Amino acid sequence: MIDFVGKRYFFYFVSLLILIPGTISLILPGGLKTGIEFSSGTTFSARFEREINETEMRETLRDLGHPDARIQRTSDGRFLIRTDLIEGAANVPPIGAAPPSEREELESAMEARFGPLLDGDGNVTNRFLEFSSVSPSVSSDIGRNATLAVVA
């Protein structure tokens with residue numbers, strides 16, 4: 001039988017050897033890449049009828065005012081894109097004609113450049129597959145609450 005209690009100081013030491021470098025790596029700049037929930041921004045996914053590469057997508061987003069966009073291409077040809085905050089379309093129908101939202105302008109510009117957008121089933125649509133935005137005030141609330149939860 002192994003005497004774990006008698007060797008507890010050895011195990012404390014081994015645990016500290018693992019925990020201290022891990023904690024330091026999280027604290028250093030660039031150590032933890034946060035999602036949009038903690039840093040605010042917009043993520044969306046898009047798939048187009050014609051085949052395009054990441055370089056074309058990166059150039060297009062730079063031309064459309066999003067030079068720092070992070071782009072990933074999936075195996076099924078979709079693009080997962082993360083940008084600064086983009087305002088989506090309002091859920092409440094406006095009275096009279098409303099100007100297009102930033103999201104709608106981006107969808108139109110990308111569709112004009114790359115051709116029709118496709119939905120999850122491969123049918124032509126004029127919308128991104130997924131679109132979610134988190135404002136800076138909401139992300140700061142989430143970050144504060146997460147910190148309080150960890151401390152508690």
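**View A. Aromatic cluster of Phe 4, Phe 10 and Phe 11.** In this predicted model, Phe 4, Phe 10 and Phe 11 form one aromatic cluster. A search of the whole structure finds seven aromatic pairs; rings of Phe, Tyr and Trp (its six-membered ring) pair if their centres lie within 6.5 Å, and planes under 30 degrees apart count as stacked, over 60 as edge-to-face and the rest as tilted. One of the pairs is that of Phe 10 and Phe 11, which is edge-to-face, with 5.4 Å centre to centre and 70° between the planes. Phe 10 counts as exposed at 52% relative accessibility, and Phe 11 as partly exposed at 35% (buried means under 20% relative accessible area, exposed over 50%, partly exposed in between; 1.4 Å probe, protein chains only).

**View B. Stacked pair of Phe 44 and Phe 128****.** The ring centres of Phe 44 and Phe 128 are 4.3 Å apart, with 25° between the planes. Phe 44 lies in strand S1 (residues 41-46) and Phe 128 in the loop between strand S5 (124-125) and strand S6 (130-134), so the pair ties together parts that are 84 residues apart in sequence. Strands (E, at least two residues) are DSSP runs, numbered from the N terminus. Phe 44 is buried at 2% relative accessibility, and Phe 128 is buried at 5%.

**View C. Arg 103 over the ring of Phe 131****.** The charged end of Arg 103 sits 4.3 Å from the centre of the Phe 131 ring. A charge sits over a ring if NZ of Lys or CZ of Arg is within 6 Å of the ring centre and within 35 degrees of the ring normal.

**Notes.** Residues are numbered from 1 along each chain as its sequence is written, and side-chain values use heavy atoms, leaving out hydrogens and water. The model is predicted: local features need pLDDT of at least 70, side-chain atom pairs count only at pLDDT 80 or more, and totals for chains, interfaces and linings use all residues.

Conventions
Helix = DSSP H or I, 4+ residues; strand = E, 2+ residues; numbered from the N terminus.
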